[in-house]
Amino acid sequence: MQANDAQTLVLCALADGPLHGYAVNTAIEELTGERLGPGSLYGALARLESKQLIEPLDGQGRQRPVRLTPLGREVLERELRAMARVADAGLRSLGVNPA
Amino acid sequence: MRLYPDAFRERWGAMVEDEARGTGWKSWPNLVVGVVDMWLHPAVWPADSPAQRQRRVATMGITVALAAWFLGHLAAEQAGPLPAEGVRETVMHGCTVLLLLGIALVAPLPRPTPGAAITLLSWAVRRLAGPTALGTAVVVLVHSGVDADASPPTLRTAVLAAWWIALGLGSIQIPRIFTGVGADAVVPPGTGRLRAGVWTLAGASATGGATLLGGSVTGTGLHPLGAGIGVGLLLLTAVCAATLRDLRGLPSAH
């Protein structure tokens, strides 16, 4: 996964707690400055659900919230740590203080 | 929204509609890409169990195999780019054997019960009655003494078109038998067999596609139909590669 990968962004948006699709996209917009297209967003949600990284909750009306599974939390943490290591190394090489 | 697979639409349809309505026409290109993406990745559609995902991947494998067989058959029936001699013909025969092996590996197995056999048979009759009737009519017409060369060109064209339509419809309908019968009648192959089958199909379509494409652009000159069929087979290889990647990330049924 990469920092701008739709699946990583969805997992990050869900790290705070369960959200429905529209709210996931709003959280992604706050994080990156733009919303994902509906095809990309729900394609990412379907893939994450198939890998058992997220799971649906009972919802009201048309919107059904999803949340991270313990496996999803573990995978997200591992990915973010790997990204942070790369970012740290890159910033150090540029002579910029990572902090 | 209607273009999405049923399983995806039932799970996410209402939310995709809300999101698309909020964004307006600007979301349409992304939606089209999303629809194509979902049809190419049946392993990630919402499912009740890992076995259901495996059954979908098996159906996808059979679809790819039949599409590859149809394209290979189309190439074999055309004049050039493959002369009926030498290494290339051997390669194409090898690809056919690989396709058959791939089908044997990915095909769901019927449950050993009379009920399952009846269900399978009734779905097969329902799905294949049309193409079988059309193909039989063509064979009967050709063997009834009609001289294709002496016949009016329109009759000859109509008979040829009917033959290819029958083959094409048959290729489309066979996978639909497996989507129709469900878990009560067939057991999907395990992940290992499925993976081996998709690898085999990928190898067959890649070898056939590369051979046809090579034969179409080198030698006596460009052969557009042969090149197109070669590219089609290589695209099927890409579909197999994507399926193998999806299988890697999925939980197993066993």
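**Domains, a helix pair and the A–B contact**

Chain B falls into two parts, domain 1 (1-40) and domain 2 (49-248), with bounds that come from an automatic or database domain assignment. The C-alpha centres of these two domains of chain B are 29 Å apart. The model is a predicted one, in which local features need pLDDT of at least 70 and side-chain atom pairs count only at pLDDT 80 or more, while totals for chains, interfaces and linings use all residues. Residues are numbered from 1 along each chain as its sequence is written, and chains are lettered from A and ligands numbered from 1 in the order in which they are written.

In chain B, helix H7 (residues 191-217) packs with helix H8 (residues 224-248) at an angle of about 155 degrees, their axes being 7 Å apart. Helices here are DSSP runs (H or I, at least four residues), numbered from the N terminus; axes are lines fitted to C-alpha atoms over the stretch in contact, and angles run from 0 to 180 degrees between N-to-C directions. H7(B) is therefore roughly antiparallel to H8(B), a term for angles over 145 degrees. The residues of this contact comprise 19 nonpolar, 10 polar and one charged (nonpolar: Ala, Val, Leu, Ile, Met, Phe, Trp, Tyr, Cys and Pro; charged: Asp, Glu, Lys and Arg; polar: the others, Gly among them).

Turning to the two chains, 20 residues of chain A are in contact with 25 residues of chain B (C-beta atoms, placed from the backbone, within 7 Å). On the chain A side, helix H2 (21-32) and helix H3 (38-50) each supply at least two residues. H3(A) gives the largest share, 11 residues. By class, this side of chain A has six nonpolar, 10 polar and four charged residues.

Methods. Parallel < 35°, antiparallel > 145°, perpendicular 65-115°, else oblique.
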